[in-house]
Amino acid sequence: MTYRIKRYYLFIAATVIALVMPFITIAGNHLFLLSFDKKQLHLMGTAFDMQELYMMPFLLMLGFIGIFALTAVGGRAFCGWGCPQTIFRVIYRDLIETKILGLRKRISNKQKEPDYSKKENSAKRVLAIIIWSILSLIASANFLWFFVPPSDFFSYMSSPMDHTIVLGFWLGTAAFLIYDIVFLKEDWCIYVCPYSRVQSVLYDEDTIQAIYSTNRGGDIYDGNKEKVVFKQKDLTDENNECTTCEQCVTVCPTHIDIRKGTQLECINCLECVDACTKVMGKLGKESLVQWSSSNEVEKGKPTKIWRSKTYMYAGALIAIFFMLFVMGSKKEYMLLNVNKTTQLYKVKENNKVENNFVLLFQNTEPKKHTYKLEILGEYADKVKIERFTDLTLSPGKLAKKVIKLSTKERLVDDATKDTPITIMLKAYAVDEPDRIFVLRKAVFIYPRADKLK
């Protein structure tokens with residue numbers, strides 16, 4: 001099976017996963033959702049509120065370091081095999097323009113643009129843009145579904161003028177995809193994408209990539225700055241196996257000549273490997289362009305996948321996964337903020353001391369819960385909670401409560417200063433008290449002795 005066909009299968013799998021994932025929920029939570037509207041992060045079926053977004057830096061590090069590790073091992077494999085830009089270009093150029101409309105005669109020639117001066121080709125191009133525009137709207141919506149749940153998106157778009165921000169992002173992203181895929185094309189990969197500039201720092205002699213064997217094919221040079229030719233000595237060299245068919249050049253989507261060596265424009269799509277394999281196969285020989293490392297192709301040494309660099313990346317990724325696991329295990333299924341009011345305390349009759357607190361509750365669960373509040377520890381029998389009744393909250397809702405903590409007990413006998421006392425509060429859901437609960441500290445200010453009668 002050619003690398004092109006393998007890529008097609010991978011593209012189909014990636015497309016299906018991207019389209020289906022936003023619709024998969026676990027206990028009402030998505031596999032991945034970064035909702036600015038609901039101010040939540042859903043990760044693997046667990047919802048994290050804005051106050052719990054300490055996980056985001058680790059997710060970003062996981063993405064960046066994962067890409068760097070992949071590049072150190074397999075070059076720009078992500079660019080050629082998983083990047084949406086590449087997938088979209090294959091859909092537009094190879095499927096719509098070539099297979100469906102016949103604008104391009106062969107998939108193997110990506111250098112020659114169709115002759116749009118012909119009316120027939122111009123009409124086909126308009127049709128190709130229309131087809132891609134429809135697909136761009138789907139792709140743009142799919143992108144937004146990772147930020148706006150599909151159910152909300154469709155609800156918003158039933159009255160689009162009431163949700164102009166979502167509508168603007170949807171149409172704006174689709175318009176960008178049309179410009180990018182139809183007009184900008186691979187220039188995005190060559191000039192815009194910063195990844196191509198980073199790759200050279202990450203490569204080494206064991207990095208697997210598309211490599212032309214100069215040992216078998218001979219060296220080339222740009223003699224007149226217009227056309228690549230072989231050195232004259234190589235033309236008569238029996239070890240020079242290259243037929244100069246240039247199939248590896250015409251098939252390249254980024255318009256490079258792989259025979260010149262590693263170039264930042266190469267996206268590791270391996271189209272050149274397929275092309276050379278086909279030509280050299282007719283001669284009973286192996287491809288001159290191989291997906292391998294320079295150590296293996298040029299020096300005959302085995303490729304070392306596990307080396308100091310990959311050990312370093314593996315260690316970093318394991319550490320990040322561990323931190324994500326630790327952070328995820330600290331997930332709280334309700335949120336509670338405790339703040340004291342500006343008044344330190346009140347002294348009532350019979351030396352009753354009161355402190356006022358503002359409590360902010362939030363239900364981060366996908367179902368309704370009723371919450372209770374109690375005091376734990378040594379002050380449980382000495383300090384009472386006043387002005388608090390059981391609180392019922394719907395999913396994602398917040399509520400503010402002003403409560404009083406009061407005592408008639410002589411907690412401290414200090415004539416010199418007021419004394420702060422730490423009170424431990426426990427809030428919990430009535431239906432699941434062992435799972436849904438939080439512990440919070442409240443600083444109770446007890447007055448100095450001369451304030452009491």
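Trainee: What radius of gyration does the protein have, next to a compact globule of 453 residues?
Mentor: This is a predicted model, so local features need pLDDT of at least 70, side-chain atom pairs count only at pLDDT 80 or more, and totals for chains, interfaces and linings use all residues. Residues are numbered from 1 along each chain as its sequence is written, and side-chain values use heavy atoms, with hydrogens and water left out. The radius is taken over C-alpha atoms, and the globule rule is 2.2 Å times the number of residues to the power 0.38. That rule puts a compact globule near 22 Å, but the protein has 33 Å.

Trainee: What box do the C-alpha atoms fill?
Mentor: Take the box along the principal axes. The C-alpha atoms then fill roughly 115 × 55 × 35 Å.

Trainee: Which residues of α2 are buried?
Mentor: Helix α2 covers residues 56-74. What covers its buried residues includes β3 (32-35), β4 (40-43) and α15 (308-329). The buried ones are M56, F58, L59, L62, I65, A69, T71, A72 and G74.

Trainee: Why is the F36 and F147 pair stacked?
Mentor: Rings of Phe, Tyr and Trp (its six-membered ring) pair if their centres lie within 6.5 Å; planes under 30 degrees apart count as stacked, over 60 as edge-to-face and the rest as tilted. F36 sits in the loop between β3 and β4, and F147 in the loop between α5 (119-144) and α6 (150-157), 111 residues apart. Their centres are 6.1 Å apart, so they pair, and the pair is stacked because the planes are at 10 degrees.

Trainee: Is F36 buried or exposed?
Mentor: The cut-off for exposed is over 50% relative accessible area, with partly exposed between that and buried. F36 has 62% relative accessibility, so F36 counts as exposed.

Terms used. Helices (H or I, at least four residues) and strands (E, at least two) are DSSP runs, numbered from the N terminus. The expected span of a helix is 1.5 Å times one less than its number of residues. Buried means under 20% relative accessible area, exposed over 50%, partly exposed in between (1.4 Å probe, protein chains only). Contact means heavy atoms within 4.5 Å.
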